Amino acid sequence: MKWLSDSKLSHLRAVLGNPDFSGTKYTCVKELARGGMGTVYLAEDTELNRQVAIKVLSTEEISEDLRRRMIREAQIIARLEHPGIVPVHDVGVLPDGRVFYAMKFVRGVRLDEYAANTSSTRERLRKFQAVCDAVAFAHAHGVIHRDLKPQNIMIGSFGEVLVLDWGVAKILRDDKNAVSSEADTLMLPPGGTNKTTDTAHGTVIGTRQYMSPE
């Protein structure tokens, strides 16, 4: 019997754990990051021959409410067309029922990594101003991020600043009907009911070290 090396076993586990993109135009390359609700993968868009980042609902219990939240997140990002907010390219459902959305793959470093390697106060302030511009744009369109922190901000290879991860964003004013009939079609199973995705009043949202005192 021929035994597999630890590296080959790790590779097989990673491949088996990758989502099934059959029936879509994407092929999975590798996992990039894992969060509470979703996992982000690097993937190839086989039609446009480019790399994209794809967020997939990663929870084991795929509920209607979680699917609705994922679609809502994609729609929030898609409606905020701004140079400082990563654009969404596509949204859909995998064969196993999990919702995914494809977005621009940002090549660069996180803000905390950038700040640790940049001694210029002027450059740091420029990046901070760029973050403020993106957040102000979202606020002007009735959307609050609610989990703004250095780990959710990327500095691209051209120096551009991009605010990521709008999964717990709050819509204060729905000017463009963020939850559309298309989202209902994607996420409601036969006989399903329309559950709200609003956060209950008084619920604490965000990362403790970066939350406002109030």
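1. Let's start with a charged pair: K25 and D45 make a salt bridge, with the closest N and O atoms 3.5 Å apart. The term here covers a side-chain nitrogen of Lys or Arg within 4 Å of a carboxyl oxygen of Asp or Glu. K25 sits in the loop between α1 and β1 while D45 belongs to strand β2 (residues 38–45), so the contact ties together parts that are 20 residues apart in sequence. Helices (H or I, at least four residues) and strands (E, at least two) are DSSP runs, numbered from the N terminus.

2. A word on what you're looking at: this is a predicted model, where local features need pLDDT of at least 70 and side-chain atom pairs count only at pLDDT 80 or more, while totals for chains, interfaces and linings use all residues. Residues are numbered from 1 along each chain as its sequence is written, and side-chain values use heavy atoms, with hydrogens and water left out.

3. The cut-offs are under 20% relative accessible area for buried and over 50% for exposed, with partly exposed in between (1.4 Å probe, protein chains only).

4. How many salt bridges does a search of the whole structure find? The count is 11. One of them joins D165 and K55, at 3.7 Å from N to O. This one links distant parts of the chain, with D165 in the loop between β9 (161–163) and β10 (170–171) and K55 in strand β3, 110 residues apart. K55 counts as buried at 8% relative accessibility, and D165 as partly exposed at 33%.

5. For a local counterpart, look at E123 and R126, whose side chains meet in a salt bridge at 2.8 Å, N to O. Both lie in helix α4 (residues 121–140), 3 residues apart, which is about one turn of the helix. E123 is partly exposed with a relative accessible area of 25%, and R126 is partly exposed too, at 47%.

6. Now the sheet. It is an open one of 5 strands in the order β1-β2-β3-β5-β4, with antiparallel pairing. Two strands count as paired if DSSP finds at least two bridges between them. The edges are β1 and β4 (88–93), each of which pairs on one side only. On average, neighbouring strands are turned by 25 degrees against each other, direction ignored. As background, strands of a sheet pair through backbone hydrogen bonds, either parallel or antiparallel.

7. Within that sheet, strand β3 (residues 50–57) and β5 run antiparallel and are joined by 5 bridges. V52 stands opposite K104 in β5. Helix α2 (residues 64–79) packs on the sheet, touching β3, β4 and β5, and its direction makes about 20 degrees with that of β5. For the angles, axes are lines fitted to C-alpha atoms (for helices, over the stretch in contact), and values run from 0 to 180 degrees between N-to-C directions.

8. What about the rings? The structure holds 2 aromatic pairs. F21 and F100 have ring centres 6.0 Å apart and planes at 90 degrees, so this pair is edge-to-face. Rings of Phe, Tyr and Trp (its six-membered ring) pair if their centres lie within 6.5 Å; planes under 30 degrees apart are stacked, over 60 edge-to-face, and the rest tilted. F21 lies in the loop between α1 (6–17) and β1 (26–34) and F100 in strand β5 (residues 99–104), so the pair ties together parts that are 79 residues apart in sequence. Both F21 and F100 are buried.

9. Y26 and F100 also pair edge-to-face, 6.0 Å centre to centre with 80 degrees between the planes. Here Y26 in strand β1 and F100 in strand β5 are 74 residues apart, and Y26 is buried, as is F100. Together, F21, Y26 and F100 form one aromatic cluster.

10. Finally, the overall tallies. The protein has 5 helices and 10 strands, and buried residues make up 35% of its 214 residues. Of the contacts with a separation of 6 or more, 60% come from residues 24 or more positions apart, a contact being heavy atoms within 4.5 Å.
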